[in-house]
Amino acid sequence: MPQPRDDAAAIPGERLRATRLRRGLTQEALAELAGLSLGVVKKLERGGTGRLETYHALARALRVRTSDLLEPTVPHQTRRGDADKLNLLSFRQVITPPIGPAGRMPAVTADPEPDLLRLADMAGTVALAYHTDDYGQVAELLPPLVSSAHVAVSHFAGEPDHLRALRVRSDVLQMAGRYLTQVRAYDLAHVALRDATDDALAAGAMDAVAGAVYQQGWLLMRQGRLEEAEAVSISTAEAVEPRISKASRRDLGAWGKLLVHASAAAARNNKPQEAREMLRLGRTAGTALAGATAVAPSSWGRFDWRTITFQHIENQLVADRPERVLGLAERVRGVGDVTFMRRHLLDVAAANAALRRRDEATSILEQLRAQTPAWLRHQQMATQIFHQVQRLNGRVTARHRELAKFFDAP
């Protein structure tokens, strides 16, 4: 049997191959254990790329962490275009402006003096647009709002309102990071969220720190940086952990949301025990809310007992237990509006597709397309579910043709 090479970690595909060989498995055996095709395993070992879910299935079969299989790729191996260069130009100008000898190049403004109250109101408008899926308005309003926040921080330097200005800019940058993560401009999102965290720390606003780190967790998971997502979420949760008996709703929500992200990252990294422990702690926050909902529109959104339940169900899907997903989903059917439940509904659709329940999965995708189409277009998971539904045996109907058009699928 070939022996793993010492430099396996540095060669594309070799990390998976080396781990497989250490387990004494053939490619065929690994494919069967992971529930994947032999072609997928061969492609990955030859240096191809796969989805995070594929690596998780392989890690589960090999009894290692998902992050152990995620190799750094070499940028020059893939030809990259400049398609987003102009589309994101306004965001790049305000989030990564030129830096000269005097520091950040000042923004140009006609306002005689920044109005922090007006800025905060505008931030609320953008948050509402985001949560109602009006991404066109978000993309239009956010760059000038970020620019105005920069001006306010500079203007009030050394004055009593400086901390307020930092807090407002932190909230605005969090929204920018959230939107940019949604449209997969990950590096730009990371800069926005890094700066949002710095502003919140400088302002002494730990709830804003929690919100910025929560957004970082989502971003890091999308990038496959599971260990980092879990670690930063846990360390921040420890820093902001409230006294349950005296905590405000917002404090409980921020703490609970961080624990939810820590659980999600651990589950995807094939660490089920850690994922359960984080949810156990998060359930404490949900219980303390006593049926109420904590809300932070410009930051981490909403949190209550359903957030914990939905994450538990999602973790079951990650662990490849679709029957368990559907059983648990029955207990929370209809407990919230579609906007609050839509990520959960995708989990239910994925479980139905995994169990070859074609009509059930199709119905959920149709419901989401009808009620929250702008959000659905940005969900790669939804496209993957539809492709899985397409591969199931069955007559191609007008319903499926309409969905294929929506997802730009052949």
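Tutor: Start with Val-295. At 43% relative accessibility, Val-295 counts as partly exposed. Keep in mind that this is a predicted model.

Student: Why is Val-295 called partly exposed?

Tutor: Set the value against the cut-offs. Buried means under 20%, and exposed means over 50%. Val-295 has 43%, so it is partly exposed.

Student: Where is Val-295 placed, and which residues is it in contact with, leaving aside neighbours within four places in sequence?

Tutor: Val-295 is in strand S3, residues 294–296. Leaving aside neighbours within four places in sequence, its contacts are Arg-250, Trp-300, Gly-301 and Arg-302. The C-alpha atoms of Val-295 and Ala-254 are separated by 9.1 Å. Along the chain, those two residues are 41 residues apart.

Student: What makes H13 roughly antiparallel to H14?

Tutor: The crossing angle. The axes of H13 (residues 249–268) and H14 (residues 272–288) cross at roughly 160° and come within 8 Å. Angles over 145 degrees count as roughly antiparallel. Therefore H13 is roughly antiparallel to H14.

Student: Which hand does the crossing of H13 and H14 have, and which residues make the contact?

Tutor: The crossing of H13 and H14 is left-handed. H13 brings Leu-252, Trp-255, Gly-256, Leu-259, Ala-262, Ser-263, Ala-266 and Ala-267 to the contact. Residues from H14 include Glu-274, Ala-275, Met-278 and Leu-279.

Student: How do the residues of the contact of H13 with H14 divide?

Tutor: They divide into 12 nonpolar, four polar and one charged. Glu-274 is part of the contact, and Glu counts as charged. Gly-256 is there too, and Gly counts as polar.

Student: What makes a set of residues a nonpolar core?

Tutor: The residues must be buried, of the listed nonpolar kinds, and joined through side-chain atoms within 4.5 Å. The largest such core here has 98 residues. Ile-95, Leu-142 and Leu-180 have the most contacts inside it. Helix H17 (residues 338–354) gives the largest share, 10 residues. Apart from this core lies another, of 15 residues, among them Leu-16 and Ala-57.

Student: Which residues is Ile-95 in contact with, leaving aside neighbours within four places in sequence?

Tutor: Leaving aside those neighbours, Ile-95 is in contact with Ala-176, Leu-180, Leu-188, Val-191, Ala-192 and Asp-195.

Student: Where is Leu-70 found, and which residues is it in contact with, leaving aside neighbours within four places in sequence?

Tutor: Leu-70 is in the loop between helix H4 (52–62) and helix H5 (83–87). Leaving aside those neighbours, Leu-70 is in contact with Arg-15, Leu-52, Tyr-55 and Gly-224.

Notes:
Residues numbered from 1 in each chain as written. Predicted model: local features only at pLDDT ≥ 70, side-chain atom pairs only at ≥ 80, totals over all residues. Heavy atoms only, no water. Axes fitted to C-alpha atoms, helices over the stretch in contact; angles between N-to-C directions. Helix = DSSP H or I, 4+ residues; strand = E, 2+ residues; numbered from the N terminus. Parallel < 35°, antiparallel > 145°, perpendicular 65-115°, else oblique. Left-handed = near helix turned anticlockwise from the far one by under 90°. Contact = heavy atoms within 4.5 Å. Buried < 20%, exposed > 50% of the residue type's maximum accessible area, 1.4 Å probe, protein only.
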